[in-house]
Amino acid sequence: MIQPRLSHLTYGTGTLPGGGPVPFLATKIVPARFRGLVARPRLLAILSELPAKRLGVIKAPAGFGKSSLAAAWAEKLEQSGNCVGWMTIDSDDDEATRFLFYVSQALHHACPDVGAGAIGLILENNLIDPTAVLSSLINDLAEIEDDVYLFLEDYHWLRASRIHQAVAYFLKHAPSHCHVVLTTRAEPPLPLATLRAQNQLIEIDAVALRFDMQETKAFLDSTKPGVLELPDVQLLQRKTEGWPAALRIISSMPSQSGFGLKEYVHNLSGSQRPIAAYLAEMLDGLPVELVDFMLRTAILDRLSGPLCEAVTGSSSSRTILASLAERQMLLTPLDNDGVWLRYHTLLAEYLRQRLEADRGIEVRELHGRAALWYASQELWTEAVQHAIAAGDSDRAISWMKNCAMALIKRGDLFTLLEWQRQFPEELMRGQCEVRLAIAWGLALALRFDEALKLATDIEGDIAATRLPESDLLHECQAIRSVAIALTDDSERALPLAQDCVNRSSDPWTANVASNVVRFGHMKAGNLKQFHATPWIPYSVDEDRRNVFASVYRHCLKGLAEERQIRLAAADGHYREALRIAEQDVGPNSIAAALPASLIARIKYEQGQLDEAEAWVIDRVSLISSGTMLDCVWSAYFVIARVATARMNFDRARTILERAENQGAARDWGRLSAGAIAEQARLYLNDGRLDEAAACVDRLERLARKYPAPRPCAWSEIEWHHKLARAHLLGQQARPDEAIAILQQLQREAEAMQHRQFLICIAIRLSTVQLSAGKVTEAASRFRRVLAACAAAGLYQTVLDEGPLISKLLQTTRESGNVTTDMLSYVDRLVAGLHRAGQDGLAPTSGARILSALSPRETDILTLIAEGLSNKEIARSLDIGPETVKSHLKSVFTKLGVERRAQAVSRAQTLGLVTTQ
């Protein structure tokens, strides 16, 4: 720690302007000692920038570790041989002469050649112009070569304008090797904007001072070692938001250890002692009107001037809010402009508890005012929530009527479903329109059983209350058709939806039902009826309000084109769906996730593996939670196939097992079948016949569970079974049985006009015939397949069909009956197989990339796979955050990715990091 060095202090007697003697406390110019501090290298690393700056400002509310950080900085600077002066400011120092006297003493203590003249001037003439004192200090500083650092702790106590003018003068005229560091709870009235523009300012705020997860863990390990497990630490970090004071208070409680501490953490809130006592002390130092404002606005999850004015009734709300922000009263900005803010979670809880205790009668009225303001701004989510809190259920339901279906049509499913959770079921009885919207949300969010039950309940209510039934009953039927279609039962959904299309007068209901009809016809192989299904065009404004229906329509049309191996047309529909979703809802929405998953499949087919993976890797959770089966399977298929192409078979099997389990959980037999068939393909290509046979048996059981006597979505389950069995029979040297199965499958696919699947069947037939010695037949068939694939732009479909493809391509080339265009296509396939072969024979792609990565880059890649942030990685490896960023750029370049999630996925598929 910094040791006091008082031998150079200049003492004297004199008077202040008020006539009293010049007081002097030596402890004010020595930093306090802090023991047991958590190492915070990410903050100390900022210190390296200080020699190039004029001013450093550490600004945060009480309890954020400003003083301890400043003391740590001062200690490190002094250990490096720098001159370090320190002054701890209190309210008694708010007078220019006294302030400059202590500044002079602090600098003289740090550097004996500085400050003696200034101290003498003050002692001789207590009315001396501060400029004269500053000039003396600046002249002394100019005579020395060493860097000098002056720390001014608790600068927020200073109000006198002459002091701020003096500090500004010092910052402007002091030599470049002189640097000032302030700790403060409020924005200092200094020329900060000018210093920012000159790149002469370092600022550390509350956000930076909060403990991150690793710092919280390190702190608890040092104060309560072994007491809390990682989930408990994570919960504590979340509840305290890394507020150092709260963490210190909790860890210092002598009665809290073992299970008691765990229980305390789980129940932690701002209303619990001793957190509440600390917050009470914070508020006790504020003017009454500020505390009253904070209590009244505690009901709000976010704050703005106009909203607070509406809630409190005070026309000065904007000024008060600005004052609280200036005082650093645990307010967090929610936007870059500082328009919206929020209280720290613990402070908000404390304020609400105190509001309930002191002014419980006002709470509902305050919520009511907030509800009216939010409604006036058409911010319906908050309006409904505050109306509920105000006990105004009628108004809440009324507002839900205004916006519930609008949320559904835009694809904002989960907002409405959260409202459903907040309302008791009896409150919703009789609110048919709202319940219909919720039923839509349940169906589209893949909560099939709940949607079907609610639709049935609504139909019962309609019958019981004799409501005008036609449109409402049609809407219930449409909801039922959507829920059933999303369970993948296309055959049962089709007639329900067709009836809605024929009879409903509501464009939304009719168009959503028409999407179900399209799905049913596509899965039945009836493309003529698919394209004949009507669609009621929306206006431009209506299109923005009906995003989900339009996106689904384009995705279904793309899937139909893909079945006909018209990839360009399919991609065009997917891109249009994506444009609509991103323009009207946003890129991180379920609506955008729908087409993104299907674009990934196109990219994979074209051999653009990296790009294919990039389309889905950041959207997996959205795709999985709110899109139809075909989109979910597309995402799993792409990720697993990319892993296979990179020779990371363990990763591929893990992904496929996850897909199979999700299929079982949702009763999506087709998803499970696709995943099992892919697993069988991996085993067969690796010669592991017993494991493959087990997969084929599981497929057979699935086909029996989901029978398809007529063409429908479930037909594909039996197709997966037959194709996998034929592949297995071919490997078992039973070609005749395999060929018979494939020929039957070929007839079924032809009847359903599924050209994409016909290509797979034809390639498999060619490989079975070749392995059976029927070279001429195999070559002839394969040549026709290649012609169709070349015309359609298929690539990976051919390459992925196993080891015999190489021999078939060679046979095709040697036959001589190949056009120039076909020869170019064959050469591309051969080159692709050669690259894959090189990947398999040489060290794996992962090994090659691993050899290209430096040891430091490998360490960083491993840590981001574990979920650590750049700052946490920097601390773990004892390097600066900027160094981490530099290494990450290199890692991204070598992996061919742009984002962290993509880097993790790429590393997993290449086997560079362990798959969890």
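1. Cavities first. There are four cavities of 30 Å³ or more, a cavity being a set of points on a 1 Å grid over the protein atoms alone where a 1.4 Å probe fits but cannot get out. Volumes are the space filled by probe spheres set on the points, with grid points joined across faces, edges and corners. A word on the ground rules: this is a predicted model, in which local features need pLDDT of at least 70 and side-chain atom pairs count only at pLDDT 80 or more, while totals for chains, interfaces and linings use all residues. Residues are numbered from 1 along each chain as its sequence is written, and side-chain values use heavy atoms, with hydrogens and water left out.

2. The largest cavity holds about 900 Å³ of space. Its lining (residues with an atom within 4 Å of a point) has 41 residues, and Arg-601, Trp-633, Phe-637, His-720 and Phe-757 lie nearest the centre. By class, the lining has 19 nonpolar, eight polar and 14 charged residues; here Ala, Val, Leu, Ile, Met, Phe, Trp, Tyr, Cys and Pro count as nonpolar, Asp, Glu, Lys and Arg as charged, and the others, Gly among them, as polar.

3. Which helix gives the largest share of that lining? It is α36, with eight residues. Other elements that each supply at least two residues include α26 (507–524), α29 (547–563), α31 (590–605) and α34 (629–645). Helices (H or I, at least four residues) are DSSP runs numbered from the N terminus.

4. The second largest cavity has about 230 Å³ of space. Of its 17 lining residues, Val-482, Leu-486, Asn-515, Val-516 and Tyr-552 are the closest to the centre. Two or more residues each come from α24 (470–486), α26 and α29, and α26 gives the largest share, five residues. This lining divides into 14 nonpolar, one polar and two charged residues.

5. Now two helix pairs. α47 (residues 870–877) and α48 (residues 881–895) pack at an angle of about 105°, their axes 8 Å apart. That makes the two helices, α47 and α48, roughly perpendicular, a label for angles of 65 to 115 degrees. Axes are lines fitted to C-alpha atoms over the stretch in contact, and angles run from 0 to 180 degrees between N-to-C directions. Asn-870, Ile-873 and Ala-874 of α47 meet Pro-881, Val-884, Lys-885 and Leu-888 of α48, where contact means heavy atoms within 4.5 Å.

6. For α18 (residues 380–389) and α20 (residues 413–422), the angle is about 5° and the axes are 11 Å apart. These helices, α18 and α20, are therefore roughly parallel to each other, the term for angles under 35 degrees. Trp-380 and Val-384 of α18 are among the contact residues, as is Trp-419 of α20. The contact of α18 with α20 has four nonpolar, four polar and no charged residues.

7. The model has 54 salt bridges (a side-chain nitrogen of Lys or Arg within 4 Å of a carboxyl oxygen of Asp or Glu). In one of them, Glu-215 pairs with Arg-40, the closest N and O atoms being 3.2 Å apart. Glu-215 sits in α9 (residues 213–223) and Arg-40 in the segment before α1 (41–44), 175 residues apart.

8. Lastly, the backbone. Arg-273 and Pro-274 are joined by a cis peptide bond with omega about 0°, and Pro-274 lies in the loop between α12 (259–267) and α13 (275–284). Ile-565, a residue other than glycine, has a positive phi near 50°; Ile-565 is in the loop between α29 and α30 (567–584).

Notes: 1 Å grid on protein atoms, 1.4 Å probe; cavity = no way out; pocket = protein on both sides within 12 Å on 5 of 7 lines; lining within 4 Å. Parallel < 35°, antiparallel > 145°, perpendicular 65-115°, else oblique.
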